[in-house]
Amino acid sequence: MTSFFSSEKLDWSWRILLVQSLILVLFLLGFLNIPISFVEFKILFFFMALFYWSVYRPSLFSGIFLFFLGFLQDIIIGYPIGLHAVFYITFYFILKAQRTFIMAQTYFVQWLIFSLSVIFLLACEWIFFSLISLQFFGFEPLLWSFVFTICIYPFMVLLFIPIHKLLPTN
Amino acid sequence: MKKIYSKKTKLSQTITSIALNNRASTVFLILISVIFLTLSILDPTKINPLRSTTTDIVSPVITFVSRPFEVIAQTITSVSGIASLRAENKSLQAENARLREWYQTALMLQAENQSLHKLLNVKIDNQHNYFTTRVISDVSNNFVKTIIINSGLSEGAKQNQAVLSGEGMIGRVIEPGQNTSRVLLLTDINSRLPVLIEGTNQKAILVGNNSDTPILRHLAKDAGIIAGSRIVTSGDGGIFPPNLPIGTIDRSLDGEVKVKLHSDIDNISFVRIVDTSLSKNLIRSQ
C-alpha cells in the first residue's frame, strides 16, 4: 500500500496521466463545433497522437483502450460501429511492430511515413463508405483533411516532445 | 553459465507468451469490432439505443470541452465585427423600414387568405408548435453530416421531426435519445426530402450529396427551372409539414439542379424543432 502511494510512483502517475489527458483532449477535439471554419473538414488530431505515441511510447496505448476510443468515435459521429476500432487497433500494431525501423529514420522520413499513413487511413475510409453507400464521395474534403493534418503534425510533435521527456524511461 | 542460459530461455519464453497473448487479444478485439460493424451495417436500428444512450452520456463532456473554443470564436467574431458595426446598423435600419412595409402587406394578405378559406370551406392544416434548442456538437465530417442537439425524448423530440434554423429547414431528427438527439442534415448523402418549387408547382426530391449544395432529382424534363426560385417542403408522405422554407435554386449544371440552402449549416448554434405528430394514416416501420 505504502509502495503504491510512494512519492516517486505518484509523480510518474501524474506524468502519465498528463499524456493520457492530452490524448483524450485530442480525441475530443475531433467533435468540436468551431463556427469559424471556412471549409468543412476534420483535422485528424487523434491520429497524430496515435502515430507519435505508438512509435515512441507504445505502452501508453493498449488494444482495449483503442478499441474503446474507436467505438466511442463511431457512436458519436454516427459511423457504423467498430470501423475506427478496427482502423486504430490495426494501425497501432503495425506501427508498434515497425517502431524500431521508424525511429531509426530522419525526422523528414518519419513525417513522410506519417503522411502515407494518413493517406492510407483516408483511402480506407473512402473505400468503405463508397462501398456501403454505393456511390463515390468527393475528394475535396479528404484533400483538405490530409493537407491540414500533415501540416499541423510537426507543431503537434513540438508539443509531444517535451511531454515525452517528462515520462519515465521504462 | 547454465544458470544464465536457463534464465535467458525463461525470459524469451515469457516474452513469446506475452506476444502471443497480445496477438490473440488483438485478433479478438478486431473480430469483435468486425461483428459490431457487420451488425450496424445490416441493421442499424439494433444499434440505435446504444448509440443514443452513449451520446446522452458523452454530450455533456463535449459541451464542456467545446465551451472555451466557442468563447474564443465568439470573441474573435465580435472583435472583428465592431469595425463594420456602423455600416451594418445603417443597412439594418433600411431593411427594417422595408420589412415594416412588408409586414403590413403580410397582415393584409393573411386576413384576405383567411376570409377566402372560410368562403371556400377549405380544410386548414394543423398549426405546428416549435421548440428551440441548442446545438451541442457538429459531428459532421467527410462522410457523415449530422449534428447533436440538446433535446431528447424528455423534451418532446421524436424521430423524423423537421429541424429548422432561423432561416429555413436544415434536417430531421433521426436518433432521439433521452436528453439529446441526432439530426441528419439535408446535405448528408443519405438525406431525401420531397420538395416543391414555388411558382411552378413542380415537385422533386432534394438529395444530399455531402456538399453545401444538395441537388434536385426526379424533376420533369420540361420543368422550366429558373435560378433563384424558392424551394419549400411539399408535405408529400405526411412526415414533414408543407411549406417549410429550404432554399433557392442556385444553378443547373450537367443536368443537375443545385439548391442553395437558406441556412448556413456550418454555423448554427440554435435550432427549432417542429413539434408535429405523424399522420394517422402512416404506418410506423418496425
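Strand β8 of chain B, residues 215-217, runs antiparallel to β11(B), and two bridges join them. Pairing here means that DSSP finds at least two bridges between two strands. Ile215(B) has Lys258(B) in β11(B) as its bridge partner. Strands and helices are DSSP runs, numbered from the N terminus: helices are H or I with at least four residues, strands are E with at least two.

Two words on the ground rules. This is a predicted model, where local features need pLDDT of at least 70 and side-chain atom pairs count only at pLDDT 80 or more, while totals for chains, interfaces and linings use all residues. Residues are numbered from 1 along each chain as its sequence is written, and chains are lettered from A and ligands numbered from 1 in the order in which they are written.

Stay with β11(B), residues 256-261. Which residues are on its covered face, and which on the uncovered one? Val257(B), Val259(B) and Leu261(B) are covered. Glu256(B), Lys258(B) and Lys260(B) are on the uncovered face. As a general point, side chains in a regular strand alternate between the two faces of the sheet.

Now the barrel. Six strands of chain B form a closed barrel, in the order β1-β2-β5-β4-β3-β12, with antiparallel pairing. On average, neighbouring strands of this sheet are turned by 45° against each other, direction ignored. Axes for such angles are lines fitted to C-alpha atoms, for helices over the stretch in contact, and angles run from 0 to 180 degrees between N-to-C directions.

Look at β1(B) and its partners. Strand β12 of chain B, residues 270-275, is joined to β1(B) by six bridges, and the two run antiparallel. Arg134(B) has Phe270(B) as its bridge partner in β12(B). Phe131(B) stands opposite Ile273(B), also in β12(B). Then there is β2(B), antiparallel to β1(B) and joined to it by three bridges. There, Val135(B) has Ile149(B) as its bridge partner. In general, strands of a sheet pair through backbone hydrogen bonds, parallel or antiparallel.

Lys145(B) lies in the loop between β1 and β2 (146-149) of chain B. Is Lys145(B) buried or exposed? Buried, because 27 other C-beta atoms lie within 10 Å. The cut-offs: buried takes 20 or more other C-beta atoms within 10 Å of a residue's own, exposed takes 12 or fewer, partly exposed is in between, and C-beta atoms are placed from the backbone. Leu184(B) is 39 residues from Lys145(B) in sequence, yet 6.4 Å away in space, C-alpha to C-alpha. Leaving out residues up to four places away in sequence, Lys145(B) touches Ser140(B), Leu185(B), Thr187(B), Asp188(B), Gly208(B) and Asn210(B). Contact means C-beta atoms, placed from the backbone, within 7 Å.

Now a contrast, in a helix. Phe64(B) lies in helix α2 of chain B, residues 44-82. Phe64(B) is exposed, because 10 other C-beta atoms lie within 10 Å.

Chain A is built another way: seven helices and zero strands. Chain A has 170 residues, and 33% are buried. On confidence, pLDDT is the predictor's own score for each residue, from 0 to 100. Chain A averages 84, and 88% of the residues score at least 70.

How do the chains meet? 37 residues of chain B are in contact with 38 residues of chain A. On the chain B side, α1 (2-42), α2 and β1 (129-138) each give two or more residues. The most come from α2(B), with 11 residues.

Last stop, the core. The largest nonpolar core has 79 residues, and Ile89(A) and Leu206(B) have the most contacts inside it. Such a core is a set of buried Ala, Val, Leu, Ile, Met, Phe, Trp, Tyr and Cys residues joined through C-beta atoms within 7 Å. Not counting residues up to four places away in sequence, Ile89(A) touches Gly63(A), Leu66(A), Phe67(A), Thr26(B), Leu29(B) and Ile30(B).

Notes
Contact = placed C-beta atoms within 7 Å.
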